[in-house]
Amino acid sequence: GEGGSGGRACSPVPQRVKKTFLTRRSRFRQFAGGGFFAQPGFFHCVLECAAFLWYTKATTGRARFFGAQKNVFWIAARFGARAGNRGQRAAREVALGEYSIGRTIAGCAIGLALAVLGMPILLPLSVFFAVPVLVLLVLYARFGPVSAVISTALCVASAAGTMGVAGAGAALLLVALPACVGFALLWRKAGYGLRMKAAVAAQALGFAGFLLGTTLVTGMGLADAFTQMVGEQLSAMPAGFVDYYLAMVGAVQLPQAEGIDLLHGVLEAQERAQLLEETLALQNTMLRLSLPTMIASSSLYSGILCCHVPSTMLARRGADIEHKTLDKWRLGRDLTIFAALCFVTGLYFLLFNRSDAAAPAYLVFQTIADIAFSMQGLAAVDRAMVRSGQSRGKRTWILVGLFALNQLTQYGGISALALIGFASAMWGSQGIVTLRRKRRKAQNDEDHRNGGGF
């Protein structure tokens, strides 16, 4: 009831009043967006207390600053719970698919910066690693699907504006296709294994489409087209710049003298043309050897990170999505056999095949096997550190260091970490050989029980 002059305390807040006030407060926070007003703080606490006191005055006719202290304390407790559990509020946002206006605008601003400043540089570097795709999927996990889709469109438009039709096609195949596949699977809450396979397949499919489009448009492979483009650019430069380019790649040594004429250069015209032709031929050969390997490596590493990073972010925010930490990674029977076949196929091309495609094929198959078993090796090391009780931060630094040193420990085309992964995939607790032995032992025990004692 209502407190009179006798000093009776105000009654507890009715449940209907609590629900109405909380609904209005949550609507205000949703309207305020992901900016400063959406974060719990002292300013919000003061506003909530003042608003509730105004509500008691409007309903009872009196401002009970002392009689309503239970109500004020109730609001303060609610505020403290929200301030101490920001992750739960973010988890509810993700679970309901609700991203505030401010959060969406912030994501679009980051996407615009990526499109304007990053695409001219990062798009050609997608041969090594698809950074734009990873950024777009991080935007999806942190700022919502609307900002991610808008940022993808901005990236394609930026590539078309700076590099023409070729840039738009490259952005559609190398950036938009893998990103949209990731968006769709995250939206449908697909399983972790399916998202991992689809991410790698989308990266490989994008590269295959880009290579096919380059061949159809230019009539030559990507390595030949790149070599021709470099040759045309060098031919249009003054002779002095060509001489410096040849000196930079080690084709010639220029005299250490000042005042060299940049227009006419140092070398004779015939000598310059011959050295330039030999240099471009050598670069073309190196591209033919290394480009397939770079594409395979980029597809695998980009697909793995583009699946795992946004999945980790969503899982930490409490989203209802399947996620596996690194210590839960296992290749399984089929992928282990596939990686082993890739390794054997690479050895065949190295030892028994003498065609022009033998060397690139060997490098591609060895790269696939090495990356697959290296991931299994990292997971095995992480499981060992989890059993020993290491913290997550310490495990992360150790794994990063092992991955950085992995490229320096190559033995016969496969790294030491990949050898650890192969041993784990074959003879680990869930390895192929171990599981086969367990099944055989269980079958023998069953036969013994069914056959009797003699």
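This is a predicted model: local features need pLDDT of at least 70, side-chain atom pairs count only at pLDDT 80 or more; totals for chains, interfaces and linings use all residues.

Residues are numbered from 1 along each chain as its sequence is written, and side-chain values use heavy atoms, with hydrogens and water left out.

**Whole protein.** Display the secondary structure: there are 16 helices and two strands, taken as DSSP runs (helices H or I, at least four residues; strands E, at least two) numbered from the N terminus. Of the 454 residues, 40% count as buried, that is, under 20% relative accessible area, with exposed meaning over 50% and partly exposed in between (1.4 Å probe, protein chains only).

**Largest nonpolar core.** Select Met 119, Leu 123, Val 133, Leu 136, Phe 183 and Leu 314, the residues with the most contacts inside a core of 35 residues. Such a core is a set of buried Ala, Val, Leu, Ile, Met, Phe, Trp, Tyr and Cys residues joined through side-chain atoms within 4.5 Å. Helices H5 (101-122), H6 (131-143), H7 (145-187) and H11 (269-316) each supply at least two of its residues, and the largest share, 12 residues, comes from H7. Next, centre on Met 119: leaving aside residues up to four places away in sequence, its contacts (heavy atoms within 4.5 Å) include Pro 132, Cys 155, Met 163 and Val 175.

**Second core.** A separate core of 23 residues includes Tyr 301, Ile 304, Leu 378 and Leu 417.

**Helix H11.** Where does H11 bend? The bend, of about 35 degrees, is at Ser 290, and Pro 292 follows within four residues. The angle is taken between axes fitted to the seven residues ending there and the seven starting there. Just after H11, select Gly 318, which has a positive phi of about 90 degrees.

**Loop between H7 and H8.** Select Lys 189 in this loop. Although not a glycine, Lys 189 has a positive phi of about 55 degrees; the residue is partly exposed, at 43% relative accessible area.

**Largest pocket.** Finally, select Ala 166, Ala 170, Phe 210, Thr 214 and Leu 222, the closest to the pocket centre of the 26 lining residues. H7, H8 (192-218), H9 (222-235) and H11 each supply at least two lining residues, and H7 gives the most, with eight. A pocket here is an open set of points on a 1 Å grid over the protein atoms alone where a 1.4 Å probe fits, with protein on both sides within 12 Å along at least five of seven lines; lining residues have an atom within 4 Å of a point.
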